[in-house]
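This report covers selected surface and sheet features of the model shown here.

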Amino acid sequence: MKDIKIEDFKISSQIKIEDLPTTFDLESSEKKIEKKLRKVSEDLAEIQNAMYAHGKYSVLFCIQGMDTAGKDSLIREVFKEFNVRGIIAHSFKKPTDLELKHDYLWRHVKALPARGKFGIFNRTHYENVLVTRVHPEYLMSENLPNITSVKDVDDSFWEKRFDQINNFEKHIADNGTIIFKFFINISKEEQKSRLLRRLNKPNKNWKFSPDDLEERACWDSYQSCYQDAINKTSKPHAPWYNLPADNKPTARYIVAKILYDTLKEYTDIKEPELPVKEKAKIDDYKARLENE
């Protein structure tokens, strides 16, 4: 099976989105890939257990991609071995009335993982420079100062948002949050295939929405906005990773391997030891329990 190298997927220079691959050949069978994924997921869970006890770092796992990219199933398969006490997932939908009364990052700040935990953002704060950029009319619901019409939303508005997002991520990274951002990259042809599958299989019909076709019609606009967002916010403390996602098992394994290979380098994440005085009395404590 082909080895995974983090640098093959990490975005550390300016990219053109059409040059980013949507496929990656692991040179292995699907069955073997799924077996390897289970093992890496178990190893990740061990790191998470130590991180929970250590209590000094948190992990923010962000996934962003077009409809049908496989975000939900990726989360399910990569994190299935985790203890539920150490992980929490948020799927950010259309902002509520309460959320719209606050700045756009407010609901994301509230959802950040505590030290010792993994937080998953399924769709993320980047919706605010992707969906709202493709559909700037949505910004009118935010009731922003100096924005009275779509005509007021110029390039400087988006540059300011990129700066705000970079500052937000730098702040949480400096305070112990390890950030992973994955662009779940599928081809337009693969999305078409997955949408047709939802329509052709009665038990999958519930996943389909006519809005999916409306958003698909904006494919080129989304690709342009993704390219800009990635180029302006992939930083050493919060890198973007391109995830070739036309094949779901391959994508899941790549994610798990990148997470594991990165986190195992944090050699200071260890389960704490008992204080010396208490450790010296372990035999006494065991004897008290056994003699009850």
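## An exposed glutamate in a loop

E271 sits in the loop that runs between α10 (248–263) and α11 (276–279). The model is predicted. The relative accessibility of E271 is 53%, and the cut-off for an exposed residue is over 50%, so E271 counts as exposed.

E271 also belongs to a surface patch of negative charge.

## A nonpolar surface patch

A nonpolar patch on the surface is formed by L274, I282 and Y285. Together these three residues have about 250 Å² of accessible area.

Y285 is placed in helix α12, which spans residues 282–290. Is Y285 buried, partly exposed or exposed? Its relative accessibility is 35%; partly exposed covers the range between the buried limit of 20% and the exposed limit of 50%, so Y285 counts as partly exposed.

## The six-stranded sheet

The model contains an open sheet of six strands with mixed pairing. The strand order is β1-β6-β5-β2-β4-β3. At the edges are β1 (10–11) and β3 (87–91), each of which pairs on one side only.

Within the sheet, β2 (residues 58–65) pairs with β4 (residues 118–122). The sense of this pairing is parallel, and it extends over five bridges. Which residue stands opposite F61? The residue facing F61 is I120, in β4.

Terms used:
Residues are numbered from 1 along each chain as its sequence is written. This is a predicted model: local features need pLDDT of at least 70, side-chain atom pairs count only at pLDDT 80 or more; totals for chains, interfaces and linings use all residues. Side-chain values use heavy atoms; hydrogens and water are left out. Patches are made of residues with over 30% relative accessible area and no salt bridge: like charges are joined within 9 Å, nonpolar side chains (Val, Leu, Ile, Met, Phe, Trp, Tyr) within 5 Å. Accessible areas come from the Shrake-Rupley method with a 1.4 Å probe; for residues, only the protein chains shown count as cover. A salt bridge is a side-chain nitrogen of Lys or Arg within 4 Å of a carboxyl oxygen of Asp or Glu. Lys and Arg count as positive and Asp and Glu as negative; His and the chain ends are not counted. The place of a charge is taken as NZ of Lys, CZ of Arg, CG of Asp or CD of Glu. Helices (H or I, at least four residues) and strands (E, at least two) are DSSP runs, numbered from the N terminus. Buried means under 20% relative accessible area, exposed over 50%, partly exposed in between (1.4 Å probe, protein chains only). Two strands pair if DSSP finds at least two bridges between them.
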